[in-house]
Amino acid sequence: MIFESHVHYDDEAFDEDRDALLRSLAKNGIDLVINVGASIKSCKDTLALIEKYPFVYGAMGVHPSETGALEEEDIQWLKESCALDKVVAVGEIGLDYHWKEPEASTQQKWFRRQLELAREVNLPVIIHSREAAKDTLDIMRDMRAEEVGGVIHCFSYTKETAAQFLGMDYYFGIGGVVTFENAKKLREAVSYIPIEKILLETDGPYLAPVPNRGKRNSSLNLPYIAKEIASIKGIGYDKVLSVTHENAEKLFGIKQ
Ligand code: NI
């Protein structure tokens, strides 16, 4: 079976067929799903999903691009939500310098605060880091994030940067980008990262893998990602599924 470690089923892209899609996952080989919050609203919607579907677990956090209006009382609400049984991580949190808003100092402030939150509630983090490798690593080191543990989601940096995160014993979320023709550097990184440190993810509705690039993404596309990883690493497809499943169970503390 396949463990989907990062998806956004609360997104309006799934409004039309959310229930049917979620109910079709098991017969397509996907047995566990982490729905990841990205704003306070999406965290609330995530709580509704984890209550409705036994195989869906949640992460509570605010994406760097959504930190502009964040306040300490929101963090207190996140903290209360993190106490629920099926909330298994703080995320997604981090830095995204591709977008100029909110300014870097605001993103950094709330990245630090949410790393602290993860420590307070004793949960791993799901980190979003785009065009911000150095500051991400600096803040993680400063906040002793290696003691918190977590995953660098949608990892898309080089092998050299992977080595830095590996030094902090982090996991790597590998998604559809690995199948893109221009992703040579990422494939090198995936070849370098031990399979014991890789999680499968789609980040749906975004970033669908080849051959569905450009379409709405969902967990149904995970086999394309797993096949690509199997081919890069020269190991069996089933082994990719079983090892990444175990990795995610271990990181998020989920035992079936
Ligand atoms: Ni995401």
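Rings of Phe, Tyr and Trp (its six-membered ring) pair if their centres lie within 6.5 Å; planes under 30 degrees apart are stacked, over 60 edge-to-face, and the rest tilted. The structure is a predicted model, in which local features need pLDDT of at least 70 and side-chain atom pairs count only at pLDDT 80 or more, while totals for chains, interfaces and linings use all residues. Residues are numbered from 1 along each chain as its sequence is written, and side-chain values use heavy atoms, without hydrogens and water.

**View 1. Tyrosine 53 with phenylalanine 55.** Six aromatic pairs are found in a search of the whole structure. In the pair of tyrosine 53 and phenylalanine 55, the ring centres are 5.8 Å apart and the planes lie at 55 degrees, so the pair is tilted. Tyrosine 53 and phenylalanine 55 are both buried (under 20% relative accessible area, with exposed over 50% and partly exposed in between; 1.4 Å probe, protein chains only).

**View 2. An aromatic cluster.** Phe155, Tyr157, Phe165 and Phe172 form one cluster. Within it, phenylalanine 155 and tyrosine 157 make an edge-to-face pair, at 5.9 Å centre to centre and 85 degrees between the planes. Phenylalanine 155 counts as buried because its relative accessibility is 2%; tyrosine 157, at 13%, also counts as buried.

**View 3. Helix 3 and helix 4.** The axes of helix 3 (residues 72-81) and helix 4 (residues 104-121) come within 11 Å and cross at roughly 30 degrees. Helix 3 is therefore roughly parallel to helix 4 (angles under 35 degrees; over 145 is roughly antiparallel, 65 to 115 roughly perpendicular and the rest oblique).

Note on methods: Axes are lines fitted to C-alpha atoms, for helices over the stretch in contact, and angles run from 0 to 180 degrees between N-to-C directions. Helices (H or I, at least four residues) and strands (E, at least two) are DSSP runs, numbered from the N terminus.
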